[in-house]
Amino acid sequence: RMFHDDELEESEKFYVGQPRVLLLIYALYNTLVARSEMVCYFVIILNHMISASMITLVLPILIFLWAMLSVPRPSKRFWMTAIVYTEVAIVIKYFFQFGFFPWNKHVDYTKDKPYHPPNIIGIEKKEGYVHYDLVQLLALFFHRSILKCHGLWDEDEKGDSRSNKEDTDDELSLTGGRRDSSASLKSVNLAASVESIHVHFPEQQTAIRRKSSSSISQLSHRSSFSSHRSKRGKYIFKNINHTTLSLYFLQYKLCVIISHCGLCCCRTLQVYVPIRQFFYNLIHPDYSAVTDVYVLMFLADTVDFIIIVFGFWAFGKHSAAADITSSLSEDQVPEAFLVMVLIQFGTMVVDRALYLKKTVMGKVIFQVILVFGIHFWMFFILPGVTERKFSQNTVAQLWYFVKCVYFGLSAYQIRCGYPTRVLGNFLTKSYNYVNLFLFQGFRLVPFLTELRAVMDWVWTDTTLSLSSWICVEDIYAHIFILKCWRESEKRYPQPRGQKKKKVVKYGMGGMIIVLLICIVWFPLLFMSLIKSVAGITNKPLDVSITITLGGYQPIFTMSAQQNQLKSLDPNEFNEFLRSYRGDTAALQFLEGYAREDITRADLEGNSNSLWTISPPSRNKMIQGLLDFDADFTLVISWTIQRTLEEVYPYYIKAPSDSLAKPIKQLLKDSKWENITVSLVKNTSEEWWVLNQLGKRQKTPHESLELFIFSDKVSPPSLGFLAGYGIMGLYASVVLVIGKFVREFFSGISHSIMFEELPNVDRILKLCTDIFLVRETGELELEEDLYAKLIFLYRSPETMIKWTREKT
């Protein structure tokens, strides 16, 4: 064998024979080495999330606007900038840890203030102030060692020195060429001071790539220069028109004339020209590795959207509601939730528009705006809104981390360029069950399919009207679903003449039966289980008793609160149940209540208010009580104690609504308790005293005893659904779902000619051809293919010919 080496084979055998744990460690280390730059990015972002200061803000911005946009990889200059900046940041933080600085004397008071200047800058005194910076520096040195091992660390310097030498030769030749014609100026030497800058202006691409042995020396100089235009480290302007060229000539002449301003302008150009050239090369690359990561960017935005919905309170004041359902149930839309949702949704729409238009320049501008805008908002505006530091806001940190993933994907999309053609939905690339169910789930999301179709029509060049566009999309979706079913039939064929297997019948049919049964009995199960399983005990806070005789001034008012409301202990509860042994109605009622649902209220027998009745009413009441033919059957006297029989409700049910009812099942023989009523008179005041005769808890003083059975209430998160009741759930949920199920089982005969298509490959290809010619700009052909598709669906005979199995 060629390239046979015994040592390599022995090494491979030794490696394969190692334990799996050690092999896993080797694999993880190799992965770490292969993606060492990603480790550096992660550590830098993590450091900024923990510290959240202006010192740590610089490197994340440079990552998204410099490192991740560099082709093919970040230059040595970036890594040196990151290393030096991290070292300087460590020294600055260490220097400001000394206690003689004024802001370090009240650290406990200012450490949680988001707008305290040392906290914003990142020079506050705290424990572990430099831990993450040291980890960041260690990761950067590790990546530098990896680059040095592969010979990539000094690659840029070699390229720069080589290109500089060639630039010097070109400039010398071009300087001689200037004597013949001033219009052939290719290099300007600004000797404003000791330093100088050389700026090159190559010709247009067509003139650069033109090669001719018989051309004049001036053109040969241009060709010689153009052969090195792709070298890194050179300041090159591409495709500059005559007006821009003349403007730069004028600027350079002014710099030569005004020597003291020339150095400043040259320094400005030294910064501006590389940045401009960097973004120019990014937008107009010589070679583009086209890729499509829009789906991943959309998923990252979707995750951020979910974080906003379930953690919106983290982006507002501390007094905001704890969950979105409680706020929406009160018909309140929190401002923080509204602003965050609109911003997130707006960025997703803009991203979709840029993807459809395939404009890299727009994506670059959008990336710059988003990077600066989100960092400014998250680390300068949000802490003031939430009144707490970003490092103390876990939800905001999670949202920012996912957004950083989105920034990385966007940078990768910019660096590689948008795809030339966007054909169909990303879920329709394969024809299997996973894509089928995901695609159908995508179409079930309200307004998502419609919004996507309208946006695609707006930002795509087409001759079709909106209705025609939607028609094509609907046909394509329907044909894709049929294609998935036909492919599944080919993978799992059913032999002719054989009955369906029990696995299929009980798997699919049984699942449908269970689902339909659950839908039918859902309200009963829900209302039964929501309170018994997930119900919350709703104990009373106040129990009040008011007694009135004959419509006159109430003679007795009393309330029981706090210590007067007591729960039953296990022995009392068991004794209570034994007292109703043999009473079927009472035991059936008690099955729905646990010990914690019962509350005993002890009310003081003395009324808590004086009997302030007017003398005429008092006399009339006395006359009514003295009249034996009237409703009052008791004889009243100032000193006589009267007994009221079967008037006191000993057991009261407190349902979820506000209406409390006596429990007739527990009132034996439908008899209520007896109480005694007496009037106590002082020198100038009088009040009523009540006492219950048949109390379970015997007390020496006059008092009333009351048992309250509290119904469990549904959790707050499901209260909106439980509020409909059983009949409401049947009317609003079951009947609506039943309507859709009925449409699935009925009306099938009307769609047989469109559903039972043996082979849909030709129709599917026709749809993809429409997408393809639209992307290539053949709009007339798009109209013809659309007309062909419409004719196909209008002609059943043609449809039969097109959908026959291939022979």
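**Figure 1. Polar contacts of Asp133.** The side chains of Asp133 and Asn47 are joined by a polar contact of 3.2 Å in this predicted model. A second polar contact, of 2.9 Å, links the side chain of Asp133 to that of Lys93.

**Figure 2. Surroundings of Asp133.** Asp133 lies in helix H8, which spans residues 131-149. Leaving aside residues up to four places away in sequence, Asp133 touches Asn47, Thr86, Ile90 and Lys93. Asp133 counts as buried because its relative accessibility is 3%, and the cut-off for buried is under 20%.

**Figure 3. The five-stranded open sheet.** Five strands make up an open sheet of mixed pairing, ordered E5-E6-E12-E8-E9. Strand E5 (565-567) and strand E9 (661-662) stand at the edges; each has a single partner strand, so one side of each lacks a neighbour in the sheet. Strands of a sheet pair through backbone hydrogen bonds, either parallel or antiparallel.

**Figure 4. Pairing of strands E8 and E9.** Strand E8 (residues 651-654) and E9 run antiparallel and are joined by two bridges. Ile652 has Pro662 in E9 as its bridge partner.

**Figure 5. The whole chain, for context.** The secondary structure of the protein chain consists of 32 helices and twelve strands. The chain has 807 residues, of which 37% count as buried. Of the contacts between residues at least 6 apart in sequence, 73% join residues at least 24 apart. The protein chain exposes about 48,000 Å², and carbon and sulfur atoms supply 62% of this area.

Methods: Residues numbered from 1 in each chain as written. Predicted model: local features only at pLDDT ≥ 70, side-chain atom pairs only at ≥ 80, totals over all residues. Heavy atoms only, no water. Helix = DSSP H or I, 4+ residues; strand = E, 2+ residues; numbered from the N terminus. Buried < 20%, exposed > 50% of the residue type's maximum accessible area, 1.4 Å probe, protein only. Polar contact = N/O pair within 3.5 Å; in protein donor to acceptor, adjacent residues only side chain to side chain. Contact = heavy atoms within 4.5 Å. Areas by Shrake-Rupley, 256 points an atom, 1.4 Å probe, with all protein chains shown as cover. Pairing = 2+ DSSP bridges.
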